[in-house]
Amino acid sequence: MRHGPQLVHASSLDSDADRSPLPAVSNRACTVVNIRLIGDHSDYHCGSAAAFQAISQACRHAGRLVGDAEDFDILVVNGEGSMHHDSPSCLKKLAEVESAAKAGKRVFLINTVWQCNSQGSAEILRHCEQVVVREVLSKAELARLDLPCEVAIDQSYFLPIDPSGLAVDFEKRAVLTDFYSNDLKTFARITTQWTRSVPYIQMHEWEWSRLVRSLRTASVLLTGRHHAVYAACRARVPFLALKGNTHKIEGFIATSGVDVPVFESYPDLLAAYRRRAWRNYDYDALFDWAEEQQPWTLRVK
């Protein structure tokens with residue numbers, strides 16, 4: 001009789017060597033560079049927390065992180081999934097960019113999506129010393145506006161996985177997260193007779209390392225979450241992903257150049273699951289490509 005997923009020690013799940021810690025960046029300046037980092041979405045879910053933690057580590061390698069009330073030399077903005085459709089969070093971050101630039105500060109917008117923002121919003125990016133988007137679809141939008149940028153995958157991928165603690169043994173079963181609902185304009189859990197029988201992950205209730213370690217015991221992940229796709233890549237477990245409110249998931253796949261589908265509708269995704277379609281996709285090529293990517297580093301001159 002099945003009694004649900006079992007907890008096991010993580011050491012029994014980690015058959016492969018983990019990624020090396022984030023590389024240090026040499027700071028040749030005679031004085032310490034003060035860095036203000038904004039865009040902390042850690043309360044949203046563990047993927048956002050992992051991204052911000054990785055970026056924080058990169059900033060600390062380059063200088064000293066300071067609080068909002070302290071003076072700073074550099075403003076680093078974690079754009080993440082907020083920079084689309086002139087959202088309130090997008091406009092707030094762009095106001096910070098403009099204010100810092102006018103005060104003579106160096107500004108970096110990193111780890112960001114860029115989609116369907118106004119021309120006026122895009123022009124503010126010209127104040128940035130560096131813009132780093134997470135995927136090529138965002139880069140293409142900026143290229144149409146003659147705005148240069150670089151591409152680096154989401155920084156959550158580079159956070160070292162803590163091998164300690166307990167993980168959930170999913171016993172090679174399928175695992176679900178929530179999906180974006182165009183009707184509700186938010187993420188929602190699908191509740192059907194089948195989904196109630198499948199292990200469900202609510203990402204804001206999980207810790208990143210535990211999520212990655214646990215997914216290593218699943219057969220496939222069904223998700224509408226961008227960071228869940230990254231967790232699956234770290235765990236090297238296949239996934240079937242549904243498009244969300246931005247192009248970030250399909251942009252990530254397009255950046256890799258690997259032929260893995262991102263589904264338009266939940267019925268399409270479910271049909272692919274029922275016919276075990278993920279067995280036909282080259283996930284190993286995607287996982288290998290992701291492992292070759294390099295984390296963002298702050299350029300301190």
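1. In β13, Phe 239 is the bridge partner of Leu 221. Helices and strands here are DSSP runs, numbered from the N terminus (helices are H or I with at least four residues, strands E with at least two). Keep in mind that this is a predicted model, where local features need pLDDT of at least 70 and side-chain atom pairs count only at pLDDT 80 or more, while totals for chains, interfaces and linings use all residues. Residue numbers start from 1 along each chain as its sequence is written, and side-chain values use heavy atoms, with hydrogens and water left out.

2. To count as paired, two strands need at least two DSSP bridges between them.

3. Another open sheet has 6 strands, ordered β3-β2-β4-β5-β6-β7, and its pairing is parallel too. Here the edge strands are β3 (64–65) and β7, again pairing on one side only. β6 (residues 130–133) and β7 pair in the parallel sense over 2 bridges; Val 132 has Glu 150 in β7 as its bridge partner.

4. Back to Phe 239, which gets around. Leaving aside neighbours within four places in sequence, Phe 239 is in contact (heavy atoms within 4.5 Å) with residues including Val 220, Leu 221, Ile 253, Tyr 283, Leu 286 and Phe 287.

5. The structure holds 11 aromatic pairs. One of them is Tyr 281 with Tyr 283, which is edge-to-face at 6.2 Å centre to centre, with 70 degrees between the planes. The rule is that rings of Phe, Tyr and Trp (its six-membered ring) pair if their centres lie within 6.5 Å, with planes under 30 degrees apart called stacked, over 60 edge-to-face and the rest tilted. Tyr 283 is buried at 4% relative accessibility, while Tyr 281 is partly exposed at 21%. The cut-offs are under 20% relative accessible area for buried, over 50% for exposed and partly exposed in between (1.4 Å probe, protein chains only).

6. Which residues touch the most other members of the largest nonpolar core? Of its 58 residues, they are Trp 208, Leu 211, Leu 222, Phe 239, Leu 240, Phe 252 and Leu 286. Helix α6 gives the most to this core, 7 residues. There is also a second, separate core of 23 residues, with Met 83, Leu 94, Val 107 and Leu 147 among them. A nonpolar core means buried Ala, Val, Leu, Ile, Met, Phe, Trp, Tyr and Cys residues joined through side-chain atoms within 4.5 Å.

7. Helix α7 (residues 248–256) is mostly covered, with 8 of its 9 residues buried. The buried ones include Phe 252 and Ile 253, but also Lys 248 and Glu 250. Among the elements covering them are α4 (136–143), α6 (226–235), β13 (239–242) and α9 (283–292). Just after α7, Gly 257 takes a positive phi of about 75 degrees.

8. Cys 116, at about 55 degrees, lies in the loop between β5 (106–112) and α3 and is partly exposed at 43%. Lys 185, at about 60 degrees, lies in the loop between β10 (179–181) and β11 (186–188) and is exposed at 58%. For background, most residues other than glycine have a negative phi.

9. Ser 121, in helix α3 (residues 119–124), is worth a look. Ser 121 counts as buried because its relative accessibility is 5%. Its side chain makes a polar contact with that of Ser 118 (3.1 Å). Such a contact is a pair of N or O atoms within 3.5 Å; within protein, one must be able to donate a hydrogen and the other to accept it, and residues adjacent in sequence count only if both atoms are side-chain atoms. Beyond four places in sequence, Ser 121 is in contact with Asp 86, Leu 91, Leu 94 and Trp 114.

10. Finally, His 45 sits in the loop between β2 (34–38) and α1 (46–62), buried at 6% relative accessibility. Not counting residues up to four places away in sequence, His 45 touches Met 203, His 204, Arg 225 and His 227.
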